[in-house]
Amino acid sequence: MVTTEVTVSPEDVKASRVAERVPDPCIVVIFGASGDLTKRKLLPALYHLEQAGLLPANFAVVGVARRPLKDEFVNDMRDGIIKGGGVEADDPMLREFLGKVNYHAMNFDDPGGYVRLNSLLETLDRKYGTNGHRLFYLATAPDYFSEIVHQLGAHGMAKSEKGAVRCIIEKPFGHDLQSARRLNDEVNEVLSEDQIFRIDHYLGKETVQNILVFRFANGIFEPIWNRNYIDHVRITAAESIGIEGRGPFYEKAGALRDVVQNHVMELLSFVAMEPPGSFFSAPIRMEKVKVWKAIQPIKMEDTVRGQYGPGIVGGKQVVGYRQEDRVNPQSSTETFAALRLHIENWRWAGVPFYVRAGKRLAERFTDITIQFKQPPTMLFKDNVEASKCGEIQPNIISMRIQPNEGISLRFAAKTPGPSMQSCPVMMDFDYAAAFGVSSANGYERLLLDAMLGDSTLFSHRDGVEATWALMTPILEEWAAHPPTDFPNYAAGSWGPAAAGALLARDGRQWRRQ
């Protein structure tokens, strides 16, 4: 294996992060704070920022949920930071950080609760000198998004004469084009677009952001990043886990809504976008939306849906989707989706993009594969039969988003000996080996950016509506014609056979299938 030489040390990386701008004094208010997201991701992420010196000294957290938790909430957050954040239990900084964590119990539709919350925030403003700077995080069920925003507006918390008020809204942002537009309109009645941060945690991953650096900071790749040299692109977001007790949610969502409309389309946009005029939020967002709007309406014959049945994952027998807790025994919800997409612009005309996402697949990995065209003349084809490596393989660039984050380049090299025979070899860059293993979960960057008012890695309403415009016709067609073959793949496999056939008819195949 050929490996790269990297001279950047973990200490260099940490120093560069500390040199970044620290936000103004701020209170982070998390609605739905009793949920798993706050404990496993958000509080560990905030503590990592504290450890890195990237939080202001004047800072506080307020968890908002319906259950009367009080001290139990702080203890639960401490447990989450220790277990989910790789933090030592006796870390002296942890006690000081938890002293800034507060809890407020209320129903999200109770006006009196917002009156009391506003009073608490004003008290904390005086205690910590946060000057009205607020970051609201809506980590609730989507049904509450509009209600919470309108209540914040009605009780004078959506604007501040002294500080900035911003609001992070979790996915899913709508369940189709119509609902996304309606939610956008309702939220925009209270908050201006520059106050709204629609979050997709995939964009917090270093390897996702590295797609832009890989493309636009290296002069050797961009000249060949087009239809003249690239044969096709494959994007896979595979999970080996099932729905993990989220039956009611997943019954309403399915793979297309849960993963493809947001995570996968974001990955596609980073691969396919034109170079932005600058690396500020507006130019990057504009180029991403251009990509999505250039995708042609997706034909039904270019779609595949699947649902897992019983099988073996990781050596253990698992049940099928219809046997999962709180799932309809005759459910038509897809747990797998694959699409063939065409971007009709000058760069990508004629280059198919194949995407797939699913649960209970053979292994967990998210990967982007760029496959290049074969040379016009195969000078070494006569030596293929004599070679132990088999037929000549095309060049590929593989971007591993998770796990084992990194980038690989496959190319042909001559084998030792007197004959002119070749074998494919891999040039491999490994994130952990180069920069050290990080305990960051991706939310660190997104929370910090939101506190700083940087919306580069967040979705604009135009982008949300553009991706829903692509997916809604598929959802409507699938709903009108329920599947007759579900379940159509075994847990622990690579999905339904039709997903392989989607590429096979073009003479191609998934990297793993």
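Modeller: Let's start with who touches whom. On the α9 side, Leu256, Arg257, Val260, Gln261 and Met265 make the contact, and across from them in α13 sit Val464, Thr467, Trp468, Leu470, Met471, Ile474, Leu475 and Trp478. Sort the residues of that contact by type and you get 10 nonpolar, two polar and one charged. Keep in mind that this is a predicted model. As for the geometry, packed helices are described by the angle between their axes and the distance between those axes. Here α9 covers residues 247-272 and α13 covers residues 461-480, and their axes come within 10 Å, crossing at roughly 145°. The handedness of the α9 and α13 crossing is right-handed.

Now for a strand. β16 runs over residues 396-402, and seven of its seven residues are buried, so by the under 20% relative accessible area cut-off the strand is mostly covered. β16 has a partner in β15 (residues 365-372), with the two pairing in the antiparallel sense over six bridges. In that pairing, Gln371 stands opposite Ile396 of β16. β16 also pairs with β17 (residues 406-414), again antiparallel, over five bridges. There you'll find Met399 standing opposite Ile407 of β17. β16 and β17 form a hairpin, with three residues between the strands. Have a look at Asn404 in that turn: its phi is positive, at about 50°.

Methods. Residues are numbered from 1 along each chain as its sequence is written. This is a predicted model: local features need pLDDT of at least 70, side-chain atom pairs count only at pLDDT 80 or more; totals for chains, interfaces and linings use all residues. Side-chain values use heavy atoms; hydrogens and water are left out. Axes are lines fitted to C-alpha atoms, for helices over the stretch in contact, and angles run from 0 to 180 degrees between N-to-C directions. Helices (H or I, at least four residues) and strands (E, at least two) are DSSP runs, numbered from the N terminus. A crossing is left-handed if the near helix is turned anticlockwise from the far one by less than a right angle, and right-handed if clockwise. Contact means heavy atoms within 4.5 Å. Ala, Val, Leu, Ile, Met, Phe, Trp, Tyr, Cys and Pro count as nonpolar, Asp, Glu, Lys and Arg as charged, and the others, Gly among them, as polar. Buried means under 20% relative accessible area, exposed over 50%, partly exposed in between (1.4 Å probe, protein chains only). Two strands pair if DSSP finds at least two bridges between them.
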